Amino acid sequence: MHKVNAKGATMPALGFGTWDLRGDTATQMVETALAIGYRHIDTAQAYGNEIEVGKGLKASAVVRDEIFLTTKIWPDNFRSGDFQKAAELSVERLGTVPDLLLLHWPSPEIPLEETIDAVNDVMRKGLAKHAGVSNFTVAMVEQAQKRAEVPLATDQVEYHPFLTQETLLGCFAETGMALTAYCPLARGKVLDDPVLTRIGKAYGKSGGQVALRWLVQQENVIAIPRSSKEPNVCSNFEIFDFVLSEAEMAEISTLGSPDGRLVAMSALAPDWDRP
């Protein structure tokens, strides 16, 4: 697996997402993913599993220095003071300092300047190694970076073959920031797509594997699929033994549209970028 270098952070191009994994399942799946070969684990305070993810890290035979760990803070803790306490709690629950701390969604109520000042304080205190955002538009990223004392490493957003992210990708190509794709399998839609299935047959791969390969083969793009089933976790990892042609990459890109979004968060979603 290759790594994406962005703003001083070195992130494995394929990560294991833990959304909706709870209790012992979360612990076991983190340990399993690490045993398979994943070295990038993604969680969030809102997932309610930081303790279990931390247990999985501790139970693994993989040493901590080889793992890139991401967590996120929810907007209800974006006030200065609340944010610092939330970051301290994440370190406590995880049992380790995260490699990357993200703002999970933009807040419609709390000024971004106040939150970024709190991020700066958290970074000075050593409560995270790198900082970033999630579900931010280009304008929001630029506003945050102007205030931040450290480079923002990534913007974690929904991205898959059916949703274009041309505006963000164009911006990040210029700035060197990474895009981390959540929901990379489009909630299973990629498995039945005829184009992805056809391309996959030439390599002995599934439509899902083709979709993940398409993502990580793009410059500065990271994908974080999640699954509670070991066979799927294994399958998602088996994408580094083939390379899509330029024609195949271009054909897959034609499947997307600005209206292909699947994750609806009406109370927090910004006015999304469009090509």
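K7 is found in the loop between β1 (3-6) and β2 (9-12). Helices (H or I, at least four residues) and strands (E, at least two) are DSSP runs, numbered from the N terminus. K7 has a positive phi of about 55°, although K7 is not a glycine. K7 is partly exposed, at a relative accessible area of 33%. Buried means under 20% relative accessible area, exposed means over 50%, and partly exposed lies in between (1.4 Å probe, protein chains only).

This is a predicted model: local features need pLDDT of at least 70, side-chain atom pairs count only at pLDDT 80 or more, and totals for chains, interfaces and linings use all residues. Residues are numbered from 1 along each chain as its sequence is written, and side-chain values use heavy atoms, with hydrogens and water left out.

## Two other loop residues

N135 also has a positive phi, about 65°, and is not a glycine. N135 sits in the loop between β7 (130-134) and α5 (138-147). Its relative accessible area is 1%, so N135 is buried.

D65 belongs to the loop between α2 (50-59) and β5 (68-73). D65 is exposed, because its relative accessible area is 75%. From D65 to K189 the distance is 35 Å, C-alpha to C-alpha, and the two are 124 residues apart in sequence.

## The sheet

Which strands make up the open sheet, and in what order? The sheet has 8 strands, ordered β3-β4-β5-β6-β7-β8-β9-β10, with parallel pairing. β3 (16-17) and β10 (221-223) stand at the edges. Each has a single partner strand, so one side of each is left without a neighbour in the sheet.

Two strands pair if DSSP finds at least two bridges between them. Strand β9 (residues 178-182) pairs with β10 in the parallel sense, over 3 bridges. A181 has A223, in β10, as its bridge partner.

## Helices on the sheet

α3 packs on the sheet and touches β5 and β6 (100-103). The direction of α3 makes about 140° with that of β5. Helix α6 (residues 166-175) lies across β8 (152-158), β9 and β10. α6 runs at about 150° to β9. Axes are lines fitted to C-alpha atoms, for helices over the stretch in contact, and angles run from 0 to 180 degrees between N-to-C directions. Contact means heavy atoms within 4.5 Å.

In α2, E50, E52, V53, G54, G56 and L57 are buried. Their cover includes α1 (23-36), β4 (40-42), β5 and α3 (82-94).

## Q84 in α3

Q84 lies in helix α3. Q84 is buried, with a relative accessible area of 9%. Not counting residues up to four places away in sequence, Q84 touches R79, A118, D121, V122, K125 and L127.

The side chains of Q84 and D121 are joined by a polar contact of 3.0 Å. A polar contact is a pair of N or O atoms within 3.5 Å; within protein, one must be able to donate a hydrogen and the other to accept it, and residues adjacent in sequence count only if both atoms are side-chain atoms. A polar atom of the Q84 side chain also lies 2.6 Å from the backbone nitrogen of G81.

## A crossing of two helices

Helix α7 (residues 194-201) packs against helix α8 (residues 207-216) at about 90°, with their axes 8 Å apart. α7 and α8 are therefore roughly perpendicular (65 to 115 degrees) to each other. L196, T197, I199 and G200 of α7 meet G207, V210 and A211 of α8.

Notes:
Angles under 35 degrees count as roughly parallel, over 145 as roughly antiparallel, 65 to 115 as roughly perpendicular and the rest as oblique.
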